[in-house]
Amino acid sequence: MKAIKFISTTGLLIGAALSLAACGQNNKNAAKTAKKFPEQTPQKTAKQGGTLTYAIETDTPFKGIFDSQLSVDQVDSDVMQFGNEALFDTDNQ
């Protein structure tokens, strides 16, 4: 009885492994297309001044709750993220 359970379990595991291996795709073209992108982006000097226009598109109204404990809406949290500053400044040390 013990040998039958062992053989059936082993057979089931081997069958699952073979079926998963057969479902995998071997796409050699993906590696060729990935190399078309540059590995590094060019570094340019930062522009001083200017205005950044930021928009959030949503189908629900903006509630305007700017307290992180009371805010339950993702739109409020997205707008609030620019005004939230940490109480303590941290760095790498």
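**Exercise 1.** Determine which side chain forms a polar contact with that of Asp-73, and describe the surroundings of Asp-73 in this predicted model.

*Solution.* Step 1. The side chains of Asp-73 and Lys-63 are joined by a polar contact of 3.2 Å.
Step 1. When residues up to four places away in sequence are set aside, Asp-73 touches Thr-60, Pro-61 and Lys-63.

**Exercise 2.** Decide whether Asp-73 is buried or exposed.

*Solution.* Step 1. The relative accessibility of Asp-73 is 13%.
Step 1. A residue counts as buried under 20%.
Step 2. Asp-73 is therefore classed as buried. For the protein chain as a whole, 5% of the 93 residues count as buried.

**Exercise 3.** State how many helices and strands the protein chain has, and which element has the lowest mean pLDDT.

*Solution.* Step 1. The protein chain holds three helices and zero strands, in the order α-α-α from the N terminus.
Step 1. Among these elements, the lowest mean pLDDT, 60, belongs to helix H2 (residues 29–34), and the highest, 82, to helix H1 (residues 2–23).
Step 2. Over the protein chain the mean pLDDT is 77, with 82% of residues at 70 or more.

**Exercise 4.** Describe the span that carries the UniProt annotation "signal peptide".

*Solution.* Step 1. According to the unreviewed UniProt entry, this annotation covers residues 1–21.
Step 1. In the model, residues 1–21 are 95% helix and 0% strand.
Step 2. The end C-alpha atoms of this span are 30 Å apart.

Technical notes:
Residues numbered from 1 in each chain as written. Predicted model: local features only at pLDDT ≥ 70, side-chain atom pairs only at ≥ 80, totals over all residues. Heavy atoms only, no water. UniProt positions renumbered as here; feature names shortened; annotations may be inferred. Helix = DSSP H or I, 4+ residues; strand = E, 2+ residues; numbered from the N terminus. pLDDT = per-residue confidence, 0-100. Buried < 20%, exposed > 50% of the residue type's maximum accessible area, 1.4 Å probe, protein only. Polar contact = N/O pair within 3.5 Å; in protein donor to acceptor, adjacent residues only side chain to side chain. Contact = heavy atoms within 4.5 Å.
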